[in-house]
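Reader: Hi! I'm new to looking at side-chain contacts. Could you walk me through this one?
Author: Happy to, let's open it up.

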Amino acid sequence: MNGTWAFRVASKSEVGGGHIARCRAVAEAMPEDVSVVFVLDPEGSDWKSKLEQVGITAICEGEDEPKDWVGCLMDGYHFNEDDAANWKKKTGWLACVDDFGTPLHAADLVVAPSFSPEDVADIGVPYLTGPQYAMIAAAFARLLPPQIKDDVEHLLVSFGLRDSWNATSLVLDAIAGMEAVDRLHCITVALGTQAPHRPAVLKKIDNLSFKVKLTSEKDDFLSLMTKTDMVIGAGGVSLFERMASARPSITLTTARNQEPSARAAGQAGATCYLADSRDIEATFLTEQIDDFVSSFDLRQKMSARAQEFVDGKGAVRISEVLLKLSNVH
């Protein structure tokens, strides 16, 4: 199909990088002869160079747009029915990502990886629901499953680029309370350079009795995952990534939209889902981490179940449906 796809993506600094990450996964799954342009928020220009570094063209809304749009994928919480109708009118066909079970009515296709079909309001269009449509880079599916060891040698703490609620500090406090903290041979924290609580995390790390490595390279997250034996992190994109790569994990949600997928993954045995990070005390979390680290059988079973739950091929499936349905339309 000739023409250009618009990926209208929420990209303000306060929303973090989750929307960008999952739309990038779909863009990279598109055939080489399909043109994709990311249309960012006017305040999201910082993402331009980052996307261009990986070969993705990006503009800010309001700048000169291609005249040959053939469809749009919209992903963001601040978009309303008027925004959706506008982009459908401009491009002719619209797919919307939905994390709340209440899709925009202008959509011709709904992508809702966190939900089962019965949990999404029916607006009379096709739906892609469930973890088989998790929007993550295919490279995560190609990681070899880790060898589950008696001891956790490498623990990764990751609550996204921004970690707006400072769940990272909560986890570090919980680790500090462990009687056998020395069993964790290497602890790495992944946190963006613009995260609002990064100075507080740095100060906390300086005062800990054990060593913690702090990294800010999101693009290096794949290599971090290859080295880790266990992850403590948020729901959303990063949860799907660690399940596809078969990493045992403890999950604390940091936003309401993360709860459905975290709850479903927990019930399936693919992660240990506790609660929202704001509802957890460090002492309780200490007990959970101690039990998790000590349970070889739990971590081994979770590793296998996680990769069954998310196979990492969701972005490819979505790209195929986008092209098929938009062409029929």
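Author: One term first: a residue counts as buried under 20% relative accessible area, exposed over 50%, and partly exposed in between. Also keep in mind that this is a predicted model.

Reader: Thanks! So is K204 buried, exposed or partly exposed?
Author: K204 has 23% relative accessibility, so it counts as partly exposed.

Reader: And which residue does K204 meet in a salt bridge?
Author: That would be D173, with 2.8 Å from N to O. K204 sits in helix α5 and D173 in helix α4, so to speak two distant parts of the chain, 31 residues apart. D173 is partly exposed too, at 35%.

Reader: Why can side chains pair up like that?
Author: Side chains of opposite charge can pair when their charged atoms come close.

Reader: What about K90, which residue is its salt-bridge partner?
Author: K90 pairs with E65, and their closest N and O atoms are 3.0 Å apart. Here helix α3, which holds K90, is linked to the loop between β3 and β4, which holds E65; the two residues are 25 apart. K90 is partly exposed at 32%.

Reader: Switching topic: how many aromatic pairs are there?
Author: Five. Among them is F7 with F38, a tilted pair whose centres are 5.6 Å apart, with 40 degrees between the planes. F7 comes from strand β1 and F38 from strand β2, so the pair ties together parts 31 residues apart in sequence.

Reader: Are F7 and F38 buried or exposed?
Author: F7 is buried, at 0% relative accessible area, and F38 is buried at 0% as well.

Reader: And what do the rings of F140 and F221 look like?
Author: Their centres are 6.4 Å apart and their planes are at 50 degrees, so that pair is tilted. F140 is in the loop between β7 and β8 and F221 is in helix α6, so parts 81 residues apart in sequence are tied together. Both F140 and F221 are buried.

Reader: Last one: which charged residue sits over the ring of W165?
Author: R278 does, with its charged end 4.2 Å from the ring centre. K50 lies over the face of W47, at 4.8 Å from the ring centre.

Methods: Residues are numbered from 1 along each chain as its sequence is written. This is a predicted model: local features need pLDDT of at least 70, side-chain atom pairs count only at pLDDT 80 or more; totals for chains, interfaces and linings use all residues. Side-chain values use heavy atoms; hydrogens and water are left out. A salt bridge is a side-chain nitrogen of Lys or Arg within 4 Å of a carboxyl oxygen of Asp or Glu. Helices (H or I, at least four residues) and strands (E, at least two) are DSSP runs, numbered from the N terminus. Buried means under 20% relative accessible area, exposed over 50%, partly exposed in between (1.4 Å probe, protein chains only). Rings of Phe, Tyr and Trp (its six-membered ring) pair if their centres lie within 6.5 Å; planes under 30 degrees apart count as stacked, over 60 as edge-to-face and the rest as tilted. A charge sits over a ring if NZ of Lys or CZ of Arg is within 6 Å of the ring centre and within 35 degrees of the ring normal.
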